[in-house]
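Please open the model in your viewer and keep the sequence alongside it. The stops below say what to select next and what is found there.

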Amino acid sequence: IDLRKEGIRSPQGFSFEFSDEEVGSNYFWTTDLFAAYLFYKRHRKASPEVEEFFAKTLAKQKELYDLSYSIKSDVELISPEGFEYRPYQKASIEYCLKADNILIGHDMRLGKTCISVGVINNEKPDKTLIICPKTAKLVWIKELSVWLAEDKTIQVLNSKSEIDPTADIYIINYDLLHKMPDLTRMVFGLIIADEVHLIKNENARRSKFFTELQGKKKLGLSGTPLLNKPKDLLTVLKWLDPFWTDWRIYKEEFANDHGIVLSLPEVQDVIRSTVMTRLEQAQVFDMEPIERRIVPLEVPPELAPQIEIELRDHKKSLNLTDYVRARKLIGLNRVQPAINHILAYTSEGEKIVVFCHHKAVVERITSSLGKSAVSIYGDT
């Protein structure tokens, strides 16, 4: 009996095979491992050999899937003396230790940097490479100084740096990767990519140099809701797991050359079971108070006016007029660092309210941001 004539169609990625020994028996057959995995995952139907093969895989994936939503963990972790990870951070670190490669997709302000340093503490990689936007370098230096459980040599790379082979941790911004080809010849125990959505365009120069880096374990961080933009997600997934290399993206589904199609809910299910943990603020902030963080915006020395230097060093007693003028000059010279921070914040999809003291500062920030910003102040 030809079941195809009866209107029975084979699953995605499968073809029919008929048995002469057992008349009437029909089998689905595939040489695509993922097709077999997906069919078993969807329907829990397979031959005994296939079922045994996938049982352990699905058990591990079920554990990772549950951890990807978890807000607490009882696992014992290494942390610096006097400091302790929050419960949901412990769960995220546990996920990172059990998964091969990881995408931490938590909302902003949930401590992705702290979690990453926790992975360093407990994974103990021989060398770690941290790639981040330029504006985040100081944040990483600060977080490493607070959360590292052991003394480690840290080298912050700039365009004129010579790579120190004895360093334990290297920090570099994305835009410098093409100037450091020696990094591609090194093998890192751990590569951490902060704001990993910045490589979403696989044809960009930064992405090409980025994907040449060699790491035994890879950790990407992004608070951007990538699942709302599946096309952006694909490049990140390819970096984390070679399984995604042959997939294409459409508006509502992923598809590969073997005819297998995944809906977006299935994509989220698969990646949470393999590489991604993601929490939203609403899941966490009912447990603990919201923290507010002051980000210092230092004026580069070459831009600081002499009156600011005198004010900072308290070498000169200023009258009220000079003091007001000094504050305005300081504010104007902090505009560019402020814009860098604003852009880094809003790149993760959130809006921000910026308070300024001087109208000139408001006007300069607004003009720099263009149509993406509106302003309101006394003259409005």
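How many strands form the open sheet, and in what order? The sheet has 7 strands in the order 5-6-4-8-10-3-14, and their pairing is parallel; strands here are DSSP runs of E of at least two residues, and helices are runs of H or I of at least four, both numbered from the N terminus, while two strands count as paired if DSSP finds at least two bridges between them. This is a predicted model, in which local features need pLDDT of at least 70 and side-chain atom pairs count only at pLDDT 80 or more, whereas totals for chains, interfaces and linings use all residues. Residues are numbered from 1 along each chain as its sequence is written, and side-chain values use heavy atoms, with hydrogens and water left out.

Select the two edges of this sheet next: strand 5 (154–156) and strand 14 (276–277) each have a single partner strand, so one side of each is left without a neighbour in the sheet. Strand 5 runs parallel to strand 6 (residues 169–173), to which 3 bridges join it, and glutamine 155 stands opposite tyrosine 170 in strand 6.

Move on to strand 11 (residues 247–249) and strand 12 (residues 253–256), which run antiparallel and are joined by 3 bridges, with a hairpin of 3 residues connecting them. Arginine 248 has alanine 255 in strand 12 as its bridge partner, and alanine 255 is in turn partnered by valine 261 in strand 13. Strand 12 and strand 13 (residues 261–263) pair in the antiparallel sense over 3 bridges; in their hairpin, which has 4 residues between the strands, glycine 259 takes a positive phi near 85°.

For the last stop, select helix 12 (335–346) and helix 13 (359–369), the elements that give two or more residues to the lining of the second largest pocket. Helix 13 gives the most, with 5 residues.
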